Amino acid sequence: MSDYYEILGVSKNATKDEIKSAFRKMARQWHPDINKAPEAEAKFKELGKAYETLMDDDKRATYDRFGEDGLNNAGFNTQGPFANGFGDLEEVFNSFFGGGFGFGGSRRRDPNAPQRGDDLRLDIEIDFEEAVFGLSREIKIDHLETCSTCNGSGAKNGAKPQTCQTCGGRGSVQQTTRTVLGHFTQVVTCPHCHGKGTIISDPCPDCKGTGRKNTEKKLDVKIPAGVDNGSKMRLSHEGDAGINGGVAGDLYIVIHVKPSTYYKRDGMDVFTKLDISPAQAVLGDTVTIKTLDGDKEISIPTGIQHGEAVKIKNAGVPNISKPSVRGDHIVVVSVKTPTHISNEEKALYQKLYELQKGKSSKESVKDRLKGVFK
């Protein structure tokens with residue numbers, strides 16, 4: 001199985017800046033436009049998967065603990081950003097870093113370069129038992145999709161945007177300012193085309209020239225067994241569509257678990273409380289309790305004390321990365337003293353009291369005699 005840290009040539013304690021630097025270096029080495037070796041494409045896709053995982057705090061934490069299988073079990077997309085192909089190296093850097101990395105220093109961002117879409121967040125609420133065993137749910141999101149009418153160009157009937165006459169397609173113009181110190185000339189963004197270098201004279205009626213339009217989309221989401229309150233899932237490329245052919249953003253799903261009135265969860269273990277009588281505590285008993293797997297009989301051992309517990313192994317919450325492994329169900333016993341008893345019960349308690357008092361007195365005399373003849 002691939003080691004993402006080894007692929008990028010960084011340590012497991014690498015910072016995000018170190019990971020970015022390593023990716024830039026390796027991307028130049030293995031991009032198929034530069035490296036014509038047969039294995040270059042596969043290597044480049046591995047780089048993308050490694051970078052995407054290690055730059056995301058949630059994915060990195062899951063990967064560090066459970067590996068690539070853990071990412072799949074947690075519902076993360078592990079195909080990587082280049083599963084469906086990739087552009088040239090300049091486009092890759094523009095999409096990932098906003099452009100300008102390693103190509104001769106800083107420069108004005110090209111407004112026509114691909115730009116990644118925005119990430120979106122969706123909060124959903126599920127029941128306690130649904131969090132334990134997982135579920136599939138259909139969700140609806142409103143996001144920006146590339147306009148299908150103009151294929152993202154923003155122009156009507158397939159017409160192409162026209163070169164801006166103000167800046168001549170450069171996206172910037174020179175502006176001269178007169179001051180008491182003389183004339184100063186500076187380059188500013190073209191106010192006519194807003195830096196794009198082109199003007200859409202006949203905009204698409206569906207997207208109003210933006211190239212994207214708001215669309216409601218339905219998604220089937222699989223929530224893995226064992227998720228906890230506050231858990232996050234990321235659906236890659238389900239956020240807003242990119243601009244100028246840039247990759248779409250991601251959709252983050254934040255899970256809120258309704259608290260149970262019966263179970264208390266601590267990691268993979270669940271706790272419940274069981275009230276028993278003094279007689280059950282002294283003599284022991286077999287009782288039926290509710291568990292996550294249905295009603296189950298448990299044995300109360302003889303002489304159990306208040307606050308002690310009976311453990312049902314492998315009846316707790318599944319491990320999110322390995323559902324076959326489960327925590328325990330811990331039944332905490334509470335011995336309840338009856339407040340209302342019948343005359344018959346009172347007589348029996350009185351007899352028990354006298355027996356225990358007599359036993360205590362005999363032991364006391366015996367202890368005194370031991371002290372005399374010591």
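## A guided tour of the predicted chain

Start by colouring the chain by pLDDT, the predictor's confidence in each residue from 0 to 100: the mean for the protein chain is 84, and 84% of its residues reach 70 or more. This is a predicted model, in which local features need pLDDT of at least 70 and side-chain atom pairs count only at pLDDT 80 or more, while totals for chains, interfaces and linings use all residues. Residues are numbered from 1 along each chain as its sequence is written, and side-chain values use heavy atoms, with hydrogens and water left out.

**The whole chain**

Switch to a cartoon view and you will find eight helices and 15 strands. Helices (H or I, at least four residues) and strands (E, at least two) are DSSP runs, numbered from the N terminus. Of the 374 residues, 36% count as buried; buried means under 20% relative accessible area, exposed over 50%, and partly exposed in between (1.4 Å probe, protein chains only). Now show the surface: its accessible area is about 22,500 Å², with 49% belonging to carbon and sulfur atoms (Shrake-Rupley method, 1.4 Å probe; for residues, only the protein chains shown count as cover). Among contacts (heavy atoms within 4.5 Å) with a separation of 6 or more, 63% are between residues 24 or more positions apart.

Next, select residues 99-107. Here pLDDT stays under 50, and the model has 13 contacts beyond four places in sequence for this stretch.

**An open sheet**

Select β1, β9 and β8, which form an open sheet of three strands in that order, with mixed pairing. Its edge strands are β1 (120-126) and β8 (232-235), each pairing on one side only. On average, neighbouring strands here are turned by 25° against each other, direction ignored (axes are lines fitted to C-alpha atoms, for helices over the stretch in contact, and angles run from 0 to 180 degrees between N-to-C directions). Two strands pair if DSSP finds at least two bridges between them; β1 and β9 (residues 251-257) run parallel and are joined by seven. To see one of these bridges, pick L122 and its partner I253 in β9.

H237 is not a glycine, yet has a positive phi of about 60°, and it is partly exposed at 32% relative accessible area.

Now go to S260, in the loop between β9 and β10 (264-266). S260 is buried, with a relative accessible area of 14%. A polar atom of its side chain lies 3.1 Å from the backbone nitrogen of Y262 and one lies 3.0 Å from the backbone nitrogen of Y263.

Centre on H143 in strand β2 (residues 135-146). H143 is buried, with a relative accessible area of 4%. Its side chain makes a polar contact of 2.8 Å with that of E145 (a pair of N or O atoms within 3.5 Å; within protein, one must be able to donate a hydrogen and the other to accept it, and residues adjacent in sequence count only if both atoms are side-chain atoms). Leaving aside residues up to four places away in sequence, H143 touches L120, K213, N214, T215, K217, E238, G239 and D240.

Then select N151, in the loop between β2 and β3 (162-163). N151 is exposed at 66% relative accessible area and has a positive phi of about 55° although not a glycine.

**Last stop: a hairpin**

Finish with β12 and β13, a hairpin with two residues between its strands. Strand β12 (residues 285-291) and strand β13 (residues 294-300) run antiparallel, joined by seven bridges. Select T288 and you will find its bridge partner, E297, in β13.
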